[in-house]
Amino acid sequence: IGSSSIRKWDDLEKRFPDKNIIKRGVGGCELSQLVKYYTPYILFPYHPAKIFIYAGENDIAAGEKADSVLTNMKALWTMLNSQLPDAKIYFLSIKPSPSRITLLPEMLKANEMIKAYLQDKPNTLYIDVSTPIYKPGTTEPDASLFQQDMLHLNPTGYDKWQAVLQQYVD
C-alpha cells in the first residue's frame, strides 16, 4: 500500500511471479490518508499475511514535518496491528527524489524517527530502500534511477528496490 511509487511500479507482480501480490498504491497518497480513509477499503478486505507500506514522501512535500509523519505512522501501525495482528508489517523508508532534494533533511529525520519507533514492534520491520538508490558515497539520489519527472523510479530504480525487498517477499 502507499503512494504513486507503488501505483507506478508497473511490473511489480511480474517481478514476484510466484507470490500473490495485491498492489494498492494511490497517487499522491499521504500517510494521514491511509489512516483516515483508504486502509479499510484497500487493505483490510484482503486479510494479507504481509503488508509493505511506502508513504510519507508526499506528506513532507505537502509541508508536514517529520514528527507529523511519525504520528501518522504510529496511527497506521496501531490500526494494522489491531485489525490484522498476525500480519507482518514492512515500512519502506521514504526515498529522496531529485525533484524534492530540498526536502531531504526532513525525510532523513522522518526515516530515523520511524525506524526507532518500529524497532520493538512485533511482526514489524523498517526496510531501507533509500540507500540503494543513492549516488555512491552520498545521501543524494541517483537521477539515472528516476523517470523524467525526477520523482518516480524507472525500471532500473525498481530493480534496486526489488533486490532489497526480495528476501522479505520470500
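Predicted model: local features only at pLDDT ≥ 70, side-chain atom pairs only at ≥ 80, totals over all residues.
Strand β1 and helix α7 each supply at least two residues of the lining, and the largest share, three residues, comes from β1.

The largest nonpolar core has 48 residues, among which L34, I51, I53 and W161 have the most contacts inside the core. At least two core residues come from each of the elements tabulated here, with α5 giving the largest share, eight residues.

| Element supplying at least two core residues | Residues |
|---|---|
| β2 | 88-92 |
| α6 | 104-118 |
| β3 | 124-127 |
| α7 | 155-169 |

Besides these, α3, β1 and α5 also each supply at least two residues of the core. Leaving aside residues up to four places away in sequence, I53 touches I1, L34, M73, L76, L80, I89, Y90, F91 and L92.

Helix α3, residues 31-42, has twelve residues, yet its end C-alpha atoms lie only 14 Å apart, which falls short of the 16 Å that a straight helix would reach at 1.5 Å a residue. Its buried residues are L31, S32, L34, T39 and I42, and these pack against β1 (50-53), α4 (57-61) and α5 (66-83).

Terms used
Residues numbered from 1 in each chain as written. Heavy atoms only, no water. Helix = DSSP H or I, 4+ residues; strand = E, 2+ residues; numbered from the N terminus. Expected span 1.5 Å × (residues − 1). Buried < 20%, exposed > 50% of the residue type's maximum accessible area, 1.4 Å probe, protein only. Contact = heavy atoms within 4.5 Å. Core = buried A, V, L, I, M, F, W, Y, C linked by side-chain atoms within 4.5 Å.
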